[in-house]
Structure formats: C-alpha cells, structure tokens
Amino acid sequence: MDKRIILAVAGSGKTYHICNELDPAKRNLIIAFTNQNITNIKGELIKIYGDIPKNTRVMTFAKFVYNFYLLPYESLIQEQFLVTNLISDGVYMLDSPPMRLKKKNGETFPNRNYVKQEKFGHYAKFINKFKYRYYVDKFSKLVLKTKKLDQKGTDNVGFFFDKLYIDEFQDFREDDYRLLEKLIKRFNRVLLVGDYYQHSVNGKNNSGKPINKNMNYSEYKALLDKLGLDVDNISLSKSKRCPANVCDFVSNKLSISIESDSKFAGEGDVIFIQNCEKAISILRDSTIKKLVFNGADKYRFEAINWGYSKGDTYSNTCIILTSDFENIEKDDAKCKSESTLNKLYVALTRTKGNVYMLKKSIFDQIKEDYLQ
C-alpha cells in the first residue's frame with residue numbers, strides 16, 4: 001500500500017508537487033475542496049503536460065461525492081429512507097435549513113423548516129411531490145447515513161482510478177472528513193497534501209473533527225499516523241514564494257515553523273508603516289495588494305480578506321492589522337482565536353516581495369476617506 005500525507009508550508013508548491021508526482025499514463029483522480037484549488041490544479045497540469053492528461057480527472061470534493069457515491073446508488077438511498085419512486089433533479093446549492101434560527105438580539109428559536117436527520121427531507125429539498133434535489137452541504141452525511149454506501153462508493157472509485165490525490169487536506173471537517181477517513185482506509189494508493197496552519201480560514205468548515213481548539217501540530221501528526229498514513233513534514237517544508245525575512249517574521253512572531261527556499265524565493269522584508277502620510281502612499285499604490293481582516297468590499301481600494309487570499313500570490317502586500325496585533329513588532333502574536341492567527345499567517349505568506357504592515361491605530365486616522 002502507498003498511503004502518504006505531506007504537511008506543507010505556505011508557498012512550498014503543493015499543487016506543483018501533486019501535478020509533477022503523478023504518472024500521466026495512470027488513472028489519477030485529484031480532489032480539492034474549493035473551485036479556486038481546482039482552477040490552480042488544472043492550470044498547473046496544462047503548464048506541465050500541455051493539457052490535462054487523458055486518464056486524469058480533477059474535481060471538487062462535492063462533485064466527487066455526487067458522481068461516485070450518490071448518483072450511482074439513488075435506489076439504495078431511497079430504499080434506506082423509504083421514499084421509493086422519486087426522481088432526482090440534481091443538486092440544491094444553498095445550505096439546508098438549520099435546526100435553529102437566530103434573532104437580532106442573539107436569541108435562537110426552532111426553525112419550522114428543519115427536518116430531522118432520520119427523514120429524507122434532511123438531505124434533499126423537494127421540488128414537488130415527486131422530484132427532489134440533494135442539499136450540497138449534506139452530501140457526506142447522507143452517504144454515511146445510508147447503509148454500506150460508503151463501501152460501495154469507494155469500491156466504485158477503485159474500479160475507475162489507480163491513485164487518489166487530495167489537495168488542502170486540512171479543509172475537510174466533520175462529515176466530509178469522516179467520509180474521507182473511510183476512503184483513505186479502504187483505498188490503497190493515496191497522496192494527501194495540506195498545511196495544518198491554514199485550517200479554519202476559508203469561511204466554511206472552520207470547526208469540528210479532526211481538529212479541535214486544543215489540538216496542536218504534534219497531536220495532529222499523531223492523528224494522521226493512526227489513520228495509517230506515512231507523515232512527511234520535510235518534502236514541502238520550505239516556501240518557494242516568501243522571502244527569508246518574511247518567513248523569519250512568521251516563525252518568530254506566530255511560532256509557525258517556515259523557511260524560505262533560496263533557490264526560488266526572492267528578496268523582501270516586513271515593513272511597518274510609521275505615519276499616515278506613508279499609509280496613504282501605500283494605499284494609493286495599486287501594485288500593492290491590500291489585505292484586510294474582513295469587509296474587503298467596504299473600501300474604495302482593491303482589497304481581499306485575509307482568509308480569502310489563501311492560495312493567492314502577490315508581488316507585494318499591505319496587511320491592515322487588527323487591534324490584536326497592534327504591537328506585534330515588539331511581542332509575539334497573542335490572540336484568543338486560533339482561526340485569527342491562521343488567517344494572519346495566510347495573509348503574511350502571500351507575498352513574493354515586501355509586506356507592509358499598517359497598524360489599526362494609524363489606519364483609523366484615515367479610514368473614513370477610504371470607505372465606499
């Protein structure tokens with residue numbers, strides 16, 4: 001068996017590694033969580049091979065589950081939930097109704113549209129009396145709740161593919177992770193790649209199994225070892241994107257171990273903006289990407305939220321800091337939320353050059369001039 005996970009750092013070339021590692025003559029399946037990851041993977045494959053290899057398929061995890069677990073076994077699913085003679089009409093892309101809704105004052109109350117998980121309506125929206133569409137956020141849960149469906153689906157995958165590649169493994173949580181766990185245990189040839197410190201940054205799938213708020217990096221590695229994976233934290237331990245001074249800043253202030261690969265990475269530094277005049281100059285420079293904690297669309301300059309910049313690369317960046325990191329140049333980063341720390345890690349590691357750090361206290365003095 002060939003089951004391995006590479007724990008990578010930001011900018012180390014995760015996508016490049018997957019695309020160069022695969023054998024184009026073999027039947028390969030590459031899975032990633034987001035459409036942006038899929039776009040990056042397809043672009044890298046075309047760059048290497050001139051086109052996506054004939055025997056290689058690239059798809060999001062949602063599309064993968066739908067095509068290999070749900071669509072071929074609809075009769076089995078209907079039998080499980082005693083709803084025979086219904087017609088599937090594809091996928092409902094909005095989230096399923098939550099159990100409780102929240103008032104403006106924060107109080108919650110029962111949602112009358114919520115359907116208990118024992119009923120088929122928990123997993124699918126009825127279009128009419130005979131047609132339904134699967135809730136996309138319930139794909140994995142439906143597979144796990146349907147007897148023997150995870151086994152049948154995995155056997156289905158094994159029939160069509162020789163090797164499975166999974167990008168951004170840290171993004172998979174709760175039922176998605178549980179289904180992936182079963183797949184990994186049953187499938188003989190798997191390569192997973194991920195960056196532990198980029199978990200909890202993408203807006204969704206930010207909590208739950210396998211990562212909890214008290215888990216550290218060593219415990220995460222131990223969990224992967226128990227899953228039967230060979231854990232490799234060496235192959236992609238150096239960033240080909242970030243300059244040495246930026247990597248040193250991340251290592252020293254965020255306590256996240258990352259090195260710069262001198263063969264590929266350029267030069268750059270972490271530069272703190274000292275006054276409003278310099279801040280205005282940086283904010284006016286369209287060649288410097290602005291990264292804000294949230295609410296990027298509120299500003300007149302082009303910006304992106306810290307977490308949403310994951311996977312991107314920019315020539316130079318300007319990070320507008322929150323109050324949590326007002327004195328980060330003096331002290332180690334201290335923040336109650338691990339998710340916030342991880343988002344700052346993502347923001348800091350987007351640059352190939354300089355990172356300009358704009359403190360909240362300075363930005364607040366000029367902020368009104370840049371609001372939409």
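**View 1. Aromatic pairs, with Tyr196 and Tyr217 as the example.** Rings of Phe, Tyr and Trp (its six-membered ring) pair if their centres lie within 6.5 Å; planes under 30 degrees apart are stacked, over 60 edge-to-face, and the rest tilted. The whole structure holds 29 aromatic pairs. Tyr196 and Tyr217 form an edge-to-face pair, with 5.7 Å between centres and 70 degrees between planes. This pair links distant parts of the chain, 21 residues apart: Tyr196 is in the loop between strand E10 (189-194) and helix H8 (217-226), and Tyr217 is in H8. Helices (H or I, at least four residues) and strands (E, at least two) are DSSP runs, numbered from the N terminus. The model is predicted: local features need pLDDT of at least 70, side-chain atom pairs count only at pLDDT 80 or more, and totals for chains, interfaces and linings use all residues. Residues are numbered from 1 along each chain as its sequence is written, and side-chain values use heavy atoms, with hydrogens and water left out. Tyr196 counts as buried, at 2% relative accessibility, and Tyr217 as partly exposed, at 22%. Buried means under 20% relative accessible area, exposed over 50%, and partly exposed in between (1.4 Å probe, protein chains only).

**View 2. An aromatic cluster and two charges over rings.** One aromatic cluster is formed by Phe33, Phe61, Phe64, Phe68, Tyr69, Phe159, Phe160, Phe161 and Phe172. Elsewhere, the charged end of Lys125 sits over the ring of Tyr92, 5.3 Å from its centre. Lys240 lies over the face of Phe264, also 5.3 Å from the ring centre. A charge sits over a ring if NZ of Lys or CZ of Arg is within 6 Å of the ring centre and within 35 degrees of the ring normal.

**View 3. Helix H9 and the residue that follows.** In H9 (residues 244-254), the buried residues are Val246, Cys247, Phe249, Val250, Lys253 and Leu254. Down the helix axis they fall within an arc of 155 degrees, so they line one face of H9. The arc is that of the directions from the helix axis to the C-beta atoms. The buried residues of H9 pack against strands E12 (238-239), E13 (259-260), E14 (270-272) and E18 (355-358), and against helix H11 (338-348). Contact here means heavy atoms within 4.5 Å. Ser255 follows H9 with a positive phi, near 60 degrees. Ser255 is not a glycine, lies in the loop between H9 and E13, and is exposed at 54% relative accessible area.

**View 4. Glu174 in helix H7.** Glu174 has a positive phi, near 50 degrees, in a residue other than glycine. Its place is in H7 (residues 174-186). Glu174 counts as partly exposed, at 32% relative accessibility.

**View 5. The second largest pocket and the largest cavity.** On a 1 Å grid over the protein atoms alone, a cavity is a set of points where a 1.4 Å probe fits but cannot get out; a pocket is an open set with protein on both sides within 12 Å along at least five of seven lines, and lining residues have an atom within 4 Å of a point. Grid points are joined across faces, edges and corners, and a volume is the space filled by probe spheres set on the points. The second largest pocket holds about 650 Å³. Its lining has 25 residues, of which Gly13, Thr15, Glu44, Arg241 and Thr313 lie nearest the centre. Helices H1 (14-21) and H2 (35-49) are the elements that give two or more residues to this lining. H2 gives the most, with five. The largest cavity holds about 40 Å³. Ser96, Pro97, Tyr114, Val115, Gly121, His122, Tyr135 and Lys138 line this cavity.
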